Amino acid sequence: MAPTSTQKQLLAQPISTDNFAPFGQVIFPNSDGKAFDTNDAQLDLSQGTPRFYIMQLQRMGRSFHKITRHQRCTQCLGAMAGQSWLMAVAPPGADPCPQVDAIQAFTIPGNCFIKLAVGTWHAGPLFEQDQIDFFNLELSDTNITDHDTCNLRQTYGLDYEIIIS
């Protein structure tokens with residue numbers, strides 16, 4: 001028997017450098033030749049072999065009940081072809097699940113990437129288009145050896161839906 005759950009709605013905020021800072025970085029386009037600085041992705045891929053690939057996802061919708069973190073590396077994600085998408089995140093922490101009141105949702109335009117800080121909880125990419133291809137930078141074994149998932153339905157009795165204003 002499936003556990004009963006309550007639907008909780010999250011209003012997606014337009015992403016900005018400031019409002020995404022507790023979870024990582026937003027990487028916007030810069031002029032070629034600009035010197036490296038704190039606006040560039042501050043990566044930690046030192047715990048293994050980096051993997052950069054194109055991840056093809058089919059319609060993911062706007063609902064989720066599981067949230068994941070990677071504690072050995074940063075992760076960068078960006079949609080190809082200028083597609084906008086959604087991501088739910090919660091700050092890193094030592095507990096086996098995030099605090100539900102800390103989960104936030106963001107609308108991410110197709111002209112930037114996000115870099116998730118080490119340990120940032122995330123659900124997504126989420127989107128309603130039929131398919132989006134994403135650039136993904138993580139470690140070669142991230143989804144095998146560094147993939148903690150919390151089932152929010154089982155742990156808190158909650159399912160989430162991201163609302164777009």
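## Basis

The model is predicted, and local features need pLDDT of at least 70, side-chain atom pairs count only at pLDDT 80 or more, and totals for chains, interfaces and linings use all residues. Residues are numbered from 1 along each chain as its sequence is written, and side-chain values use heavy atoms, with hydrogens and water left out.

## Gln 75

Strand β6 (residues 75-79) contains Gln 75; strands are DSSP runs (E, at least two residues), numbered from the N terminus.

The Gln 75 side chain makes polar contacts with two histidine side chains: His 70 at 3.3 Å and His 122 at 3.4 Å. A polar contact is a pair of N or O atoms within 3.5 Å; within protein, one must be able to donate a hydrogen and the other to accept it, and residues adjacent in sequence count only if both atoms are side-chain atoms. Beyond four places in sequence, the residues in contact with Gln 75 also include Ile 114, Leu 116, Asn 136 and Glu 138 (contact means heavy atoms within 4.5 Å).

## Cavity

There is 1 cavity of 30 Å³ or more, and the largest cavity holds about 40 Å³ of space. On a 1 Å grid over the protein atoms alone, a cavity is a set of points where a 1.4 Å probe fits but cannot get out, and lining residues have an atom within 4 Å of a point. Grid points are joined across faces, edges and corners, and a volume is the space filled by probe spheres set on the points.

Gln 75, His 70 and His 122 are among the residues that line the largest cavity, as are Cys 73, Thr 74 and Thr 120.

## Pocket

The largest pocket has about 310 Å³ of space; a pocket is an open set of points with protein on both sides within 12 Å along at least five of seven lines. Its lining has 19 residues, with Met 55, His 122, Gly 124, Pro 125 and His 147 nearest the centre. Elements giving two or more residues to this lining include β3 (50-58), β6 and β11 (131-139), while β10 gives the largest share, 5 residues.

## Ile 103

Val 89 is 14 residues from Ile 103 in sequence, with 5.5 Å between their C-alpha atoms. Among the other contacts of Ile 103 are Leu 10, Phe 64, Pro 98 and Tyr 160.

Conventions
Helices (H or I, at least four residues) and strands (E, at least two) are DSSP runs, numbered from the N terminus.
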